[in-house]
Amino acid sequence: MILNSLFLHGLDEARDPVYRTRLTILSWSYLSTALCFVQCVILVSLFGELQDNSIVFVPIMVIHILLYLILVYKEWLLPLAHVKIGLLILPILYNAFIMQDSVLWVLDIAAFFNVLILSIIILPKLWTLVYFSLSAVPITLGYFYYDQEIFSSLYYGYEGGEYVYISVLVYLILIASISLLLIKDALIRSITIVTNQSQKLIQANKELSSQKIAEANAREHAELANKAKSTFLATMSHEIRTPLNGVLGMAGLLKETPLNKEQREFTDIICTSGETLLNVINDILDYSRLESGDLEVDPYDFQLRNLIEEVLDLFSGQAAKKGLDILYHLPEQVPSHIFADGLRIKQVLMNLVNNALKFTSLGEVLVEVEVKSNRGNTWDLCFKVRDSGIGIPEDKISRLFKSFSQVDASTTRKYGGTGLGLAICQRLVRLMGGSIGVESKEGKGSTFFFTMEVKAISSEKSFELSSPDQKVLVGRKVLIVDDNPTNLKILGLQLENLSMKSYSALFPEKALKVLESHKEIDLIITDMDMPRMNGLQLSKKIKARFPDKNIILLSSVGDQSKKKNRQLFTEVLSKPVKYKQLISAIYAALNSNSVKREGKPIMGGVLFKEFAEKYPLRILVAEDTPINQMLIMMLLGRLGYQPDLVSNGREVLEKAHTFQYDLMLLDVQMPEMDGLEATERVKKEITVDCPLIFAMTAGAMKEDRERCLNAGMDGYISKPLDTKKLMEILKAAAKNTKTAVE
């Protein structure tokens, strides 16, 4: 126990039992050898006679004790194992080549087993083979060639050698036995440890299984909660979309009636605002999908300039109230039509513009697009929203894109908001494969930007107004008057794109001087709100001196300057100015024979009665809401159809058995029998000439659409109804029944 405790000094109890056994065996070997020398001297002194040369064995004993202590405290296992095995092999070789004593051959065999045990349990295989060869070969040869017997003079050369012989033999056998016992003990302990670890592992597996069951239960509860949330969102979305369908539908029909330009502008804003409300509803669903990871990118073809103008239209009234200029710049090299998720891009731009206006009290908000690079039809675009507002402190920028976070508490109190907008923007941009960032200096404004990859596509579009002949505008000279340098620059670039010559003036007084020196100027474009002299006052002075000059006024939404001063202006354009409106206004102003379009429908016949003659169909409509009934019947009526109308699924079945229809447009949620059940019944019961069935659904969730298709419907159209999509459905239905007139 004393030796074992001494050997285990500082040794970690958690160590591998086999490793501990290796150290123990080697330490016993060194210590026993030292004790053996002492024992041999004692035996010789008792039964023989000590000689003067016996002192030479003292250093050997001391060396073994020192090696033992080094092994205990330093744990140099491998080096000291080589040393010990070498000390065991030396007597074997000495006997083989010098003494050749057949009596000592028995000691060689005992030493051989010690070499074998130490090399096997401590050293790598290669060294075991080396030491086995060095010891086994001499012993094998000795069996055949040893013939001397000098037993009495073993090592010491005097009386008592037989006792030394016996003691050394016992020592070697004892060390081999102890080594084997220790190895057995190490294996038993290893097996015990493995068994304990296995039991712990079994217990851990049981705990893990219990944890998995608990997690499965928690996941089930979470899924139920998510399902309840999704159901709530879908229900609320449907309830809001239903009246919104009437608002947007009626506004769309109103646009098809004869309106003057101002009325049409107001109607457009109603439609755009309604679409914005629809986008807000979509945002609620999007946030839920973003949280659950269900939101997907839905790319489509769209015109980039129209998208930006629609965004700015939404905020033109807000900008006018604050006296801010809201501008955009789209360089000529940017592709006009792109393939991307325009709805998400619009959503991000709306959020960034809204924030810019919120935190800007003086100056401007500018939206611009830059080309970062392009590879064939793949373009990397950077969208920027720059403002001249309060800016953001550098140490607060890191908070911006975190949910429910704003610059500080005072920001929420003064400007409102939940702090969710930028977080949603960041997630949407990342979803589209882009990145978003901000550059800002406190007190000097901010620039929010996001970059993404888009595809450029052909600019051919249906139902698109043709532009005026731009060749008429080449080389014509225009004076731009505006106190905002950014607006001057943008208008100048737009005119340059039309190959026109532009002059600019930051002040009305300078504009009058430019006109005096450049009498060949054909047209003046002036802003309304300018210091010292506004656009109306300037126009009166210009008309007094140059009565033949045409003037276009740029004014805020709702300005009545044109009505009150018809003789001064050829056109009054609301800011932000749309590019096509600008071209049309310039074209009209420079061509005195141009026909006034005011009071006539601009759309050019998106709805026309000849449509039904080209695509004849027998249609059944099922809708239970009176407003939506009126809307769908008016839409189809304006296209020349005379559909039948019912208000629930049971009436659908009755009509289906009485009349043969080509197309059924069914609301999903109806009393008595909903559209899904009605579809299943119709598909089952009408086996010959079964009509096409399309759902009219306010459900915007992916699951809602899948339910429609799983019920057997041939397609669906979302509420609020999109007129163009409705017309596409009617065309497809007519071609399916082979009744279309080509």
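In the protein chain, 72% of the contacts with a separation of 6 or more join residues 24 or more positions apart. A contact here means heavy atoms within 4.5 Å. This is a predicted model, in which local features need pLDDT of at least 70, side-chain atom pairs count only at pLDDT 80 or more, and totals for chains, interfaces and linings use all residues. Residues are numbered from 1 along each chain as its sequence is written, and side-chain values use heavy atoms, with hydrogens and water left out.

Start with the overall build. The protein chain holds 23 helices and 17 strands. Both are DSSP runs numbered from the N terminus: helices are H or I with at least four residues, strands are E with at least two. Of the 742 residues, 46% are buried. Buried means under 20% relative accessible area, exposed means over 50%, and partly exposed lies in between (1.4 Å probe, protein chains only). The accessible surface comes to about 38,200 Å². Carbon and sulfur atoms own 57% of that surface. Areas come from the Shrake-Rupley method with a 1.4 Å probe, and for residues only the protein chains shown count as cover.

Next, confidence. The mean pLDDT of the protein chain is 77, and 75% of its residues reach 70 or more. Over residues 1-11 the pLDDT is below 50, yet this stretch has 19 contacts beyond near neighbours in sequence. The score is the predictor's confidence in each residue, from 0 to 100. Residues 460-466 also stay under 50. For them the model has 12 contacts beyond four places in sequence.

Now the cysteines. A disulfide is a covalent bond between the sulfur atoms of two cysteines. The search criterion is a pair of cysteine sulfur atoms within 2.5 Å. Across the whole structure, 0 disulfides are found. Cys690 counts as partly exposed because its relative accessibility is 29%. Cys708 has 2% relative accessibility, so it counts as buried.

Move to the surface. Val58, Val62, Ile65, Leu66, Leu69 and Tyr73 form a nonpolar patch with about 490 Å² of accessible area together. Patches take residues with over 30% relative accessible area and no salt bridge; like charges are joined within 9 Å, nonpolar side chains (Val, Leu, Ile, Met, Phe, Trp, Tyr) within 5 Å. A salt bridge puts a side-chain nitrogen of Lys or Arg within 4 Å of a carboxyl oxygen of Asp or Glu.

Several loops deserve a stop. Phe359 lies between helix H10 (342-358) and strand S4 (364-375). Phe359 counts as partly exposed because its relative accessibility is 21%. Ile390 is 31 residues away from Phe359 in sequence, but their C-alpha atoms are 6.1 Å apart in space.

Ser499 is not a glycine, yet its phi is positive, near 60 degrees. The residue occupies the loop between helix H13 (485-497) and strand S9 (501-505). With 43% relative accessibility, Ser499 counts as partly exposed. Arg532, also not a glycine, has a positive phi of about 70 degrees. Its loop runs between strand S10 (523-527) and helix H15 (535-545). Arg532 is exposed because its relative accessible area is 63%. Finally, a cis peptide bond joins Lys575 and Pro576, with omega about 0 degrees. Pro576 belongs to the loop between strand S12 (571-574) and helix H17 (579-590).
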